[in-house]
Amino acid sequence: EEDWIKPVILTAEETSRAQYLANRIATSPLTGDRLPDNHQPEAEAIVLTKRSELDASRVLLEESAARQVSREEGVPITGFIGVLLLACEEHVLMPDEMRRLLNECRRQGTHYGSDLIDSVCSICERLGQ
């Protein structure tokens with residue numbers, strides 16, 4: 001569909017809230033990046049998740065500090081692996097494809113250990129049944 005991506009403009013209040021959240025992420029002991037501007041996209045995603053008309057059930061975040069702030073804000077989170085597990089549950093992704101994708105992520109520098117990959121693939125197998 002042509003309209004499946006729709007730009008959303010933050011209100012002045014949402015922009016202010018996102019700046020506040022970006023500062024919180026930047027000052028978290030969990031972050032390796034102390035520049036609030038670099039955390040603005042995650043902060044805006046957290047803010048937009050709270051808009052009822054967007055009907056967002058969770059926000060996709062990977063960085064630990066952003067995930068912590070999101071939890072503190074009461075916004076449910078998921079990560080890349082969570083999205084892949086949803087695909088397993090919907091039978092869009094099979095366990096062998098899951099293993100291939102996670103191993104490829106690891107080859108590209110993601111810190112996924114063998115135990116994590118095995119565990120996720122096991123969950124994917126159970127979800128696919």
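**Salt bridges and helix packing in a predicted model**

Arg107 and Glu104 both lie in helix 5, three residues apart, about one turn of the helix. Helices are DSSP runs (H or I, at least four residues), as are strands (E, at least two), and both are numbered from the N terminus. An α-helix has 3.6 residues a turn, so residues three or four places apart point the same way. The side chains of Arg107 and Glu104 meet in a salt bridge, with 3.1 Å from N to O. A salt bridge here is a side-chain nitrogen of Lys or Arg within 4 Å of a carboxyl oxygen of Asp or Glu. Arg107 counts as exposed, at 59% relative accessibility. Glu104 counts as partly exposed, at 32%. Buried means under 20% relative accessible area, exposed over 50%, and partly exposed in between (1.4 Å probe, protein chains only).

The model is predicted: local features need pLDDT of at least 70, side-chain atom pairs count only at pLDDT 80 or more, and totals for chains, interfaces and linings use all residues. Residues are numbered from 1 along each chain as its sequence is written, and side-chain values use heavy atoms, with hydrogens and water left out.

The structure holds eight salt bridges. One of them joins Glu72 to Arg24, with the closest N and O atoms 2.5 Å apart. Glu72 lies in helix 3 (residues 64-72) and Arg24 in helix 1 (residues 12-27), so the pair ties together parts that are 48 residues apart in sequence. Glu72 is partly exposed, at 47% relative accessibility. Glu72 and Arg24 also belong to a network of salt bridges that links them with Arg17, Lys50 and Glu73.

Helix 1 and helix 3 pack at an angle of about 130°, with their axes 8 Å apart. Axes are lines fitted to C-alpha atoms, for helices over the stretch in contact, and angles run from 0 to 180 degrees between N-to-C directions. Helix 1 is therefore oblique to helix 3. Angles under 35 degrees count as roughly parallel, over 145 as roughly antiparallel, 65 to 115 as roughly perpendicular and the rest as oblique. Leu21, Arg24 and Ile25 of helix 1 make the contact with Ala65, Ala66, Val69 and Glu72 of helix 3. Contact means heavy atoms within 4.5 Å. These residues divide into five nonpolar, no polar and two charged. Ala, Val, Leu, Ile, Met, Phe, Trp, Tyr, Cys and Pro count as nonpolar, Asp, Glu, Lys and Arg as charged, and the others, Gly among them, as polar.

The axes of helix 5 and helix 6 come within 9 Å and cross at roughly 155°. Helix 5 is thus roughly antiparallel to helix 6. On the helix 5 side, the contact involves Pro95, Met98, Arg99, Leu102, Asn103 and Arg106. Helix 6 contributes Ser114, Ile117, Asp118, Val120, Cys121, Cys124 and Glu125. By class, this contact has seven nonpolar, two polar and four charged residues. Arg99 forms a salt bridge with Asp118, the closest N and O atoms being 2.9 Å apart. Arg99 lies in helix 5 and Asp118 in helix 6, so the pair ties together parts that are 19 residues apart in sequence. Arg99 is partly exposed, at 33% relative accessibility. Asp118 is partly exposed too, at 39%.

Helix 4 (residues 80-89) has Ile81, Gly82, Leu84, Leu85, Ala87 and Cys88 as its buried residues. They pack against strand 2 (77-78), helix 5 (95-107) and helix 6 (114-127). His91 follows helix 4 and has a positive phi, near 65°.
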